[in-house]
Amino acid sequence: MAVRSLWAGRLRVQRLLASTAAWESKGWPLPFSTATQRTAGEDCRSEDPPDELGPSLAERALRVKAIKLEKEVQDLTLRYQRAVADCENIRRRTQRCVEDAKIFGIQSFCKDLVEVADILEKTTECISEESEPENQKLTLEKVFRGLLLLEAKLKSVFAKHGLEKLTPIGDKYDPHEHELICHVPAGVGVQPGTVALVRQDGYKLHGRTIRLARVEVAVESHRRL
């Protein structure tokens, strides 16, 4: 039995040597050699991406995104600066317009008043030129005509610019339009609490009272102050 087992082991060794020689003659690597295991390991490692590739791509993406955001910030900052500059220019122009309106707002009114001044000047010239005693009547007539023309021109200028004269006689007393001077007894046909006499005319500009009319208000006789 021992001889038979030894003989069987010898046959297995011879077969293994024969198969190894056959693999080497064909140039194939041995199935269980160290080179074959190393090559197989390298092949497996070559299929997997290196560990350094992932973080590199992530950093590159973050860098691109940061550059993009920086450009957006620069663009928004430039737009903001332009908007601030435009607002400042508008504010300055508006302020200049307001100042010009304050100064030249009455330019048209003053231009019309110049014509009134011309009429008044011509009237005074007539009085100084014709100061002879025998011409007094003619002079007075010219002065009267000049004053009538002056009054008509003033009324025209006032109406053109929305300046209205208050004529409150007979109207009910209104503290927003009238300044009470005193009370007077109500006469015939005069209702108590109404304006009986105007001492100084009042004026409205485009419906807004700019000067109160100084008036005397009628009351019953026993309520006179």
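The chain has five helices and six strands, and the model shown here is a predicted one.

**The chain as a whole**

- Of the 225 residues in the chain, 13% count as buried.
- The accessible surface of the chain comes to about 18500 Å², and carbon and sulfur atoms make up 59% of that area.
- Take the contacts in the chain with a separation of 6 or more: 63% of them are between residues 24 or more positions apart.

**The mixed sheet: E2, E6 and E3**

- Three strands make up an open sheet in the order E2-E6-E3, and their pairing is mixed.
- The edge positions belong to strand E2 (178-185) and strand E3 (195-200). Each of these two has a single partner strand, so one side of each is left without a neighbour in the sheet.
- From one strand to the next, the twist in this sheet averages 25°.
- E2 pairs with strand E6 (residues 213-219) in the parallel sense, over seven bridges.

- Is Glu216 buried or exposed? With a relative accessibility of 6%, Glu216 counts as buried, because the cut-off for buried is under 20%.
- Glu216 lies in strand E6, and its side chain is joined to the side chain of Arg199 by a polar contact of 2.2 Å.
- Setting aside neighbours within four places in sequence, the residues in contact with Glu216 are Cys182, Val184, Thr194, Val195, Ala196, Leu197 and Arg199.

**The antiparallel sheet: E1, E4 and E5**

- Another open sheet is formed by three strands in the order E1-E4-E5, and here the pairing is antiparallel.
- Strand E1 (163-166) and E5 stand at the edges of this sheet. Each has a single partner strand, so one side of each lacks a neighbour in the sheet.
- Neighbouring strands here are turned against each other by 35° on average, direction ignored.
- E1 and E4 run antiparallel and are joined by four bridges.
- A handy landmark is Leu166, which stands opposite Gly202 in E4.

- The structure holds one aromatic pair. Its members are Phe158 and Tyr203, arranged edge-to-face, with 6.0 Å from centre to centre and 75° between the planes.
- What does this pair tie together? Phe158 lies in helix H5 (residues 136-160) and Tyr203 in strand E4, so the pair links parts that are 45 residues apart in sequence.

- Where is His206 found? His206 sits in the loop between strand E4 (202-205) and strand E5 (208-211).
- The phi angle of His206 is near 50°, a positive value in a residue other than glycine.
- His206 has a relative accessible area of 65% and is therefore exposed, the cut-off for exposed being over 50%.

How values were computed: Residues numbered from 1 in each chain as written. Predicted model: local features only at pLDDT ≥ 70, side-chain atom pairs only at ≥ 80, totals over all residues. Heavy atoms only, no water. Buried < 20%, exposed > 50% of the residue type's maximum accessible area, 1.4 Å probe, protein only. Pairing = 2+ DSSP bridges. Axes fitted to C-alpha atoms, helices over the stretch in contact; angles between N-to-C directions. Contact = heavy atoms within 4.5 Å. Areas by Shrake-Rupley, 256 points an atom, 1.4 Å probe, with all protein chains shown as cover. Polar contact = N/O pair within 3.5 Å; in protein donor to acceptor, adjacent residues only side chain to side chain. Phe/Tyr/Trp six-rings, centres within 6.5 Å; stacked < 30°, edge-to-face > 60°.
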